[in-house]
Amino acid sequence: MRIALSTGGGDAPGLNAVIRAAVLSAINRGWEVLGIKRGFAGLMGEDEVVPLTKSSVRGIAHLGGTILRTTNHGNPFHYPRRQPDGSLIEIDRSDELIANARALGIDAIISIGGDGSLSIAQRLCDKGMNIVGVPKTIDNDVSGTITTFGFDTAVNTALEAIDKLHTTAESHDRVMVMEVMGRDTGFIALHSGLAGTADVILIPEIPYDIEKVCDKIRERDRTGRSFSIVVVAEGAFPAGGQVHIMGKSLPGQAKRVGGIAETIAHQISERTGKETRSLVLGHLQRGGMPTGYDRLLATRFGGAAVRAIAEEKWGHMVALQSPHIVAIPIRDVLKEQKKVDPLHDIVQTARATGISFGD
Ligand code: F6P
């Protein structure tokens, strides 16, 4: 048996722990393992395919990033190709990928990625490749799994920042607006905001009214709390308004969102007269050592993916459905993106403890 591993899309702390667990589990069964570099680029002659041995995964479980590297503009069905005139077009290179995988004697692939990589995995499966998926995203927006590795680390990074912002905000009687990742969903903002006792949390699932946000800040001022912390997901938007699109995206890449914190800070300052500062936490949330929780979850996913291959569960994704790791059809996972339920107990508790969602 010869299997191959690929990591695609934005990185997330815990990827190396998945790789390590999968490689060791497979080798200990007597299988061979290959690593496809930079998403699927290694299978399209754009990068390498390398053997993964016990020694290649030694000492990597605690490291952020991915030893296989990754890309979020390498969809083989929409692969960017530069034309002689310099323009970029997208072409379907999936047949070439499959032919190369067959030529290398690859029997099955473990594809570790978010919704984009999982939909590529499903399409390759439909074309006859044996694929098992492992969900990865710091945003925690993959359905069918209670959580994804990387999310806990990102929440802790955001939490540490909120804790630090509290002391400077209080010293200066300022409003601090902190933007966290979450293109379509507000899990990082919600979890870090509640754990960090923010005053306002803004998420895409609950469109906000800037006046309500300011009401909360004024109310705090009246009761002698002359500073406020606003945590906003990058994908949050005002009721009836639009998500902030940032810069240009490459062909095959999702639209980049972000920059909302500065707009909100400006609006708060204009309306309340309070000194307001903003910051974007950005890719800090994707880096660094995975927490113990993420390392364990990632390791469990890696082991479970190899078991799913042994059971020939093609087109399945490993998922946490506590207390077990299960394998569920990727097709079902792709039906809908996981979102924050506005009636979830975390939202209810946040409201009950005085946090405003600006609605
Ligand atoms: O990992 C998902 C995510 O964190 C989104 O929340 C964010 O919009 C995106 O990645 C940014 O990724 P990149 O800068 O790599 O395009």
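Let's start at the ligand: one of its oxygen atoms is 2.7 Å from an N or O atom in the side chain of glutamate 234. Taken alone, the ligand exposes 400 Å², and the protein buries 85% of that. Please keep in mind that this is a predicted model. The ligand lies between two domains, because domain 1 and domain 2 both give residues to the shell around it.

- Glycine 182 takes part through its backbone, where an N or O atom lies 3.2 Å from a ligand oxygen atom.

**The shell and the pocket**
- The ligand is surrounded by 10 residues, and the closest of these are Asp139, Met181, Glu234, His283 and Arg286.
- Sorted by class, this shell has four charged residues, four polar ones and two nonpolar ones.
- If you are looking for the largest pocket, it is the space taken by the ligand.

**The two domains**
- Each domain is made of two stretches of the chain: the assignment gives 2-149 + 290-322 for domain 1 and 152-286 + 341-352 for domain 2.
- Taken over C-alpha atoms, the centres of domain 1 and domain 2 are separated by 32 Å.
- The domains also touch each other, with 17 residues of domain 1 in contact with 17 residues of domain 2.
- Where does the ligand lie relative to these domains? It lies between them, since the shell around the ligand draws residues from both domain 1 (2-149 + 290-322) and domain 2 (152-286 + 341-352).

Methods:
Residues are numbered from 1 along each chain as its sequence is written. This is a predicted model: local features need pLDDT of at least 70, side-chain atom pairs count only at pLDDT 80 or more; totals for chains, interfaces and linings use all residues. Side-chain values use heavy atoms; hydrogens and water are left out. A residue is near a molecule or strand if one of its heavy atoms lies within 4 Å of it. A polar contact is a pair of N or O atoms within 3.5 Å; within protein, one must be able to donate a hydrogen and the other to accept it, and residues adjacent in sequence count only if both atoms are side-chain atoms. Accessible areas come from the Shrake-Rupley method with a 1.4 Å probe; for residues, only the protein chains shown count as cover. On a 1 Å grid over the protein atoms alone, a cavity is a set of points where a 1.4 Å probe fits but cannot get out, and a pocket is an open set with protein on both sides within 12 Å along at least five of seven lines; lining residues have an atom within 4 Å of a point. A molecule sits in a cavity or pocket if more than half of its atoms lie within 2 Å of its grid points. Ala, Val, Leu, Ile, Met, Phe, Trp, Tyr, Cys and Pro count as nonpolar, Asp, Glu, Lys and Arg as charged, and the others, Gly among them, as polar. Domain bounds come from an automatic or database domain assignment. Contact means heavy atoms within 4.5 Å.
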